[in-house]
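Subject: Structure handover

Hello,

Here is the structure for your files. Please look it over first; my notes follow below.

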Amino acid sequence: MKDPYLELAELLREEREALTPQKRVRDFQERIQRIPNGEEVEVSGFLLLRKPPNAPKDAAYYLLSPLSPGELRELPANSPRSYVAVRIDEKTVLSGKFLSGSYVVVHGVIDAYPWGNMRMVRATSITPEDYSEYWKEYKDMALKPEEVEELISTSIYANHDFQLGLIYSLYGSPRILESPRDWGEGYEFSVLGYKGRESGVLTLWRILKFLHSLLPRELRFRKNRKENFVDNFLDLDFKVFDPNNTPLRYYVPRSPGRLSKGAERAILEKRTVGLLALPKRAHPGDSITGKAETPFVFIPEEDERPYLEEGGRIRKYLPNLIVTVFLEREKVSALSASKGTGEAFRRKFEDWLMEKRSEYGWKFDVLTIPGGVFDVGSRYELSLRLFGSIARLEGNVRRSHIRTVQTINDEILNDWMTVLSSLPQSEVQRLLKNYRGYVPSDRRAAKALTIFRDLESTTLRGTVSRAEFERALIKAGFSQEGAARTLEMLIREGYLYEPAAGKLRLVR
């Protein structure tokens, strides 16, 4: 007998309406056709700076489409299209700058167009609009968090952590207010291979490539932001520019493991979402992985094979998911690292670092070298960004998400420890030598400097107060006199300096 809960879930899935380009066209056409001539109207769409057929010569006439240029381009030939002619004269107020393909709001008066059954708006004003509004227009079709998870888990069969990491990446990351880095809202979801298992990563790349192909062109990272488009129905060709003025774009390499220079730069600067399955053996010093919010290693069980369900569900409901992403991005647009939940996150992260150093010893230290996959200088902020992505999925910021981040970091760290154990001894010794180059030879001084590095990483701006450092040393087992003596030794030997009274910074 089938589980009643599963039956109910299936029924609910069937009832959920999918957002399609055809639905947008139908809704747009129905609305335009209902409005009587002479009535004022406000209509949103993509302005195509090309004269419509049989345009009169008394003013400038262009076309407004309810679909983005990318969706128009990929619309099947037999699918309905809808356009409205926009009449612009010397009285039309043009607010801001726009190009062909820009998303705009047109105010004016509806009228008939002297060709076919197309309608026309005599524009009184045209105002550029943020691309995100195009998706938020259908906010009633957004998915709930559990629906998002269910959509991915029933479409992409892989490790549950990978599924979650992929979901978080789709939401991007909110900016960190106090960060000195000029990072955007991008996110890096990366998966590297384990020895002899790189082929599984190749399968994951194919899955990500398929998912990426379903996205509207405006949401794919592209070097060329303009293109030509031909509408055979109207027998017109358009030159259009990418209307996406948001920081949300996605990138998957065209071929496995080969990132374009422009995309790599955008990913490292967090100006795009990188969905990277790189079929090469994982290494702790991999530079691109060191900047990933979720740097996974694919270590499958013997019978574990990633699989993509290419049926209609992910294809059908991906537009609904995009609506959800843009709505939740607006709710959690930025995070503070020094107030409220951000401060609690910092303390918990510092405790997590201390716990893992105690658990793994020098092996953990090797992973934390500058540029390493757990470089404490960046891993704290990357973890805080992951926290923000989780908050976007859930729709709000909650302290319980701190534990979720720690659990994910634990899973990632366990896999990297497995990678470290599989490296040749000569490579491990090289990593260990590299780490020792950053710390004093004295064990107590090395421990103290490691504690300072952890504190410094979570301040984001790199300044730690004397009092805070001494408290952390005492908490780690130093006596009060020993803490003060060790601090002075680190300053004297050039590991720390005091730019202002009571403030300490690390000497790079």
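The centres of domain 1 and domain 3, taken over C-alpha atoms, are 64 Å apart. The domain assignment gives domain 1 (21–129), domain 2 (139–422) and domain 3 (439–506); such bounds come from an automatic or database assignment.

This is a predicted model: local features need pLDDT of at least 70, side-chain atom pairs count only at pLDDT 80 or more, and totals for chains, interfaces and linings use all residues. Residues are numbered from 1 along each chain as its sequence is written, and side-chain values use heavy atoms, with hydrogens and water left out.

The chain averages a pLDDT (the predictor's confidence in each residue, from 0 to 100) of 89. At least 70 is reached by 96% of the residues. Helix H1 (residues 4–15) has the lowest mean among the elements, 51. Helices (H or I, at least four residues) and strands (E, at least two) are DSSP runs, numbered from the N terminus.

Now strand E14 (residues 294–298). Five of its five residues are buried, meaning under 20% relative accessible area with a 1.4 Å probe, protein chains only. Thr294, Phe296 and Phe298 point one way, Pro295 and Val297 the other.

E14 pairs with strand E9 (residues 187–193) in the parallel sense, over five bridges; pairing takes at least two DSSP bridges. Phe189 stands opposite Thr294. Phe189 is also in contact (heavy atoms within 4.5 Å) with residues including Phe162, Leu208 and Phe296.

Best wishes

Terms used: Buried means under 20% relative accessible area, exposed over 50%, partly exposed in between (1.4 Å probe, protein chains only). Lists of a residue's contacts leave out its neighbours within four places in sequence.
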